[in-house]
Amino acid sequence: IGGMEIDLPRLYQTVQTLGGLKEVIEKKRWPRVSELMKIPKSAQDRVTKLDDIYCKYLLPYDTLSPAEREKLFDDVETEWAKRESKGLIKAQQKLVAADAGGEGDSESEDNDIEECITKGRNMALNAFYRIARNTMSMYLKTTEPTAQE
């Protein structure tokens, strides 16, 4: 929204802090949610877009029963444990290969790295500048340098 990525866990926590989705909708608290999420006021339709994002990505999670939510947490923890142990095994194999003076399996390593990388979208340079300016104003809270600086 306004060139800024939305932190979904933070959006979920913000909505829950304000009383949940029903409360936010009934009391029209989406502008407050957008302020707490530090979305620039200049972003077009920021309130509507936040509502759409919540409904598209977080509502299915929000409507899970406690038992379903617990199962989901367990599944995620199991998957992370598998990935972590796989990473430790690969690190040990690299050490053994380095001690033996051999080359590691760089093709497998490249595939693991590429799994975490996704290609971004193309954008015009002026749009990039706008996003950079919004990001800087949100997090750095400093004024533009003067001509003398």
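Which residue just after H1 takes a positive phi? The points below come to this after a look at the chain as a whole.

1. Overall make-up. This is a predicted model, and the secondary structure of its chain comes to seven helices and zero strands, so that, read from the N terminus on, the elements run α-α-α-α-α-α-α. Of the 149 residues in the chain, 20% are buried. The chain exposes about 11,900 Å², and carbon and sulfur atoms supply 55% of that area. Among contacts between residues at least 6 apart in sequence, 55% join residues that are at least 24 apart.

2. Helix H1 covers residues 8-17, and its buried residues are Leu11, Tyr12, Thr14 and Val15. Seen down the axis of H1, these buried residues fall within an arc of 165°, and they therefore line one face of the helix. The face of H1 that is turned away from this buried side carries the exposed residues Pro9 and Thr17. As for the opening question, the residue is Gly19, which takes a positive phi of about 110° just after H1.

3. The aromatic pair of Tyr12 and Tyr61. A search of the whole structure finds three aromatic pairs. One of them is formed by Tyr12 and Tyr61, whose rings are edge-to-face, at 5.3 Å centre to centre and with 75° between the planes. This pair links distant parts of the chain, since Tyr12 lies in helix H1 and Tyr61 in helix H4 (residues 46-62), 49 residues apart. Tyr12 counts as buried because its relative accessibility is 11%, under the cut-off of 20%, whereas Tyr61, at 22% relative accessibility, counts as partly exposed.

4. A charge over the ring of Tyr61. Besides its pairing with Tyr12, Tyr61 has Arg69 lying over its face, at 4.6 Å from the ring centre.

5. The structure holds four salt bridges, and two of them can be described together. In the one, the side chains of Glu35 and Arg32 meet at 3.5 Å, N to O, and both residues lie in helix H3 (residues 30-36), three residues apart, which is about one turn of the helix. In the other, the side chains of Asp75 and Lys71 meet at 3.1 Å, N to O, and these two residues are four apart in helix H5 (residues 66-100), separated by about one helical turn. An α-helix has 3.6 residues a turn, so residues three or four places apart point the same way.

6. Exposure of the residues in those bridges. Glu35 counts as partly exposed at 39% relative accessibility, and Arg32 likewise counts as partly exposed, at 42%. Asp75, at 40% relative accessibility, is partly exposed, whereas Lys71, with a relative accessible area of 51%, is exposed, because the cut-off for that class is over 50%.

7. The salt bridge of Lys27 and Glu23. Lys27 forms a salt bridge with Glu23, and the closest N and O atoms of the two are 2.7 Å apart. Both count as partly exposed, Lys27 at 48% relative accessibility and Glu23 at 23%.

Definitions and conventions: Residues numbered from 1 in each chain as written. Predicted model: local features only at pLDDT ≥ 70, side-chain atom pairs only at ≥ 80, totals over all residues. Heavy atoms only, no water. Buried < 20%, exposed > 50% of the residue type's maximum accessible area, 1.4 Å probe, protein only. Contact = heavy atoms within 4.5 Å. Areas by Shrake-Rupley, 256 points an atom, 1.4 Å probe, with all protein chains shown as cover. Arc of directions from axis to C-beta. Phe/Tyr/Trp six-rings, centres within 6.5 Å; stacked < 30°, edge-to-face > 60°. Lys NZ or Arg CZ within 6 Å of the ring centre and 35° of its normal.
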